[in-house]
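Open the structure in your viewer and keep the selection tool at hand. This tour moves from stop to stop, saying what to select and what is there.

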Amino acid sequence: MMNETLLNRHETICRAVAALDDRDAVIGGIGNTNFDLWASGPRPANFYMLGSMGLAFPIALGVALAQPERKVVALEGDGSLLMQLGCLSTIAICAPANLTMIVFDNAMYQITGGQKTATASGADLIGIARSSGLTESHWAEGAADFDRLYAAALARSGPSLIGVPTDAAKAVGTTDRDPAKIRITFSEAMTA
């Protein structure tokens, strides 16, 4: 179960993106995760989800399988992952060597008003992931532990999931909401 050390989503995303090279893909889930990815500094290999709750991990799985020479990082919120828990067993079965997933858990649907998610009542996303076959699933116990887990995940061959207990800070920015531009920019980055 997650600990009581709450990390800031934007700061964590900034550190995660800074550890990547320009070719590595990052898929940002909808809402504040997406907004904080945008605010970390737009880059062509970032894909910003718009209006498709729960699909960051499945889309990242597709990118990881199609682009095995790239590292692929997926960023998702607890509410979105709860809508698509079945993707965890699919990812475990496919076992892409290059996929690192991060779930930010603030125990609420923050962008729609702060309604509690199931994690507020004890649902353990990392426990669910392990039960789904993702053995390299761990809660980060602070910023230094996140950095250690993230470095290990990027170096590992096989999928990894890091749970980040997250504070209630609002997103720092808002994504440029141009779906065609996002798709074209990301597609061009993946073919470069």
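Bear in mind that the model is predicted.

**Stop 1: helices α1 and α7**

Select residues 9-18, which are helix α1. Two packed helices are described by the angle between their axes and the distance between the axes. Here the angle is about 30°, and the axes lie 11 Å apart. Angles under 35 degrees count as roughly parallel, so α1 and α7 are roughly parallel to each other. Their crossing is right-handed.

Now show the side chains where they meet. On the α1 side, pick Thr12, Arg15 and Ala16. On the α7 side, pick Ala143, Phe146, Asp147 and Tyr150. Sorted by class, this contact has 4 nonpolar, 1 polar and 2 charged residues.

**Stop 2: Thr12**

Stay in α1 and centre on Thr12. Is Thr12 buried or exposed? Its relative accessibility is 1%, so Thr12 counts as buried. What does Thr12 touch, leaving out residues up to four places away in sequence? Select Leu7, Phe104, Phe146 and Val164.

**Stop 3: the rings of Phe146 and Tyr150**

The model has 3 aromatic pairs. Phe146 and Tyr150 form an aromatic pair that is stacked, with 5.4 Å centre to centre and 15° between the planes. Planes under 30 degrees apart count as stacked.

**Stop 4: helices α3 and α5**

Clear the selection. Pick residues 56-66 for helix α3 and residues 86-94 for helix α5. Their axes come within 10 Å and cross at roughly 15°. That angle makes α3 roughly parallel to α5. The crossing is left-handed.

Show the contact residues next. From α3, take Phe57, Pro58, Leu61 and Leu65. From α5, take Cys87, Leu88, Thr90, Ile91 and Cys94. By class, the contact of α3 with α5 has 8 nonpolar, 1 polar and no charged residues.

**Stop 5: Gly86**

Move along α5 to Gly86. At 46% relative accessibility, Gly86 counts as partly exposed. Draw a distance from its C-alpha atom to that of Pro58: the separation is 9.6 Å. Along the chain, Gly86 and Pro58 are 28 residues apart.

**Stop 6: two alanines with positive phi**

Go to Ala95, in the loop between α5 and β4 (99-105). Its phi is near 45°, a positive value in a residue other than glycine. Ala95 counts as partly exposed, at 39% relative accessibility.

Then jump to Ala107. Where is Ala107 found? Look in the loop between β4 and β5 (108-109). Ala107 has a positive phi of about 60° although it is not a glycine. Is Ala107 buried or exposed? At 18% relative accessibility, Ala107 counts as buried, because the cut-off for buried is under 20%.

Notes: Residues numbered from 1 in each chain as written. Predicted model: local features only at pLDDT ≥ 70, side-chain atom pairs only at ≥ 80, totals over all residues. Heavy atoms only, no water. Phe/Tyr/Trp six-rings, centres within 6.5 Å; stacked < 30°, edge-to-face > 60°. Axes fitted to C-alpha atoms, helices over the stretch in contact; angles between N-to-C directions. Helix = DSSP H or I, 4+ residues; strand = E, 2+ residues; numbered from the N terminus. Parallel < 35°, antiparallel > 145°, perpendicular 65-115°, else oblique. Left-handed = near helix turned anticlockwise from the far one by under 90°. Contact = heavy atoms within 4.5 Å. Nonpolar A, V, L, I, M, F, W, Y, C, P; charged D, E, K, R; others polar. Buried < 20%, exposed > 50% of the residue type's maximum accessible area, 1.4 Å probe, protein only.
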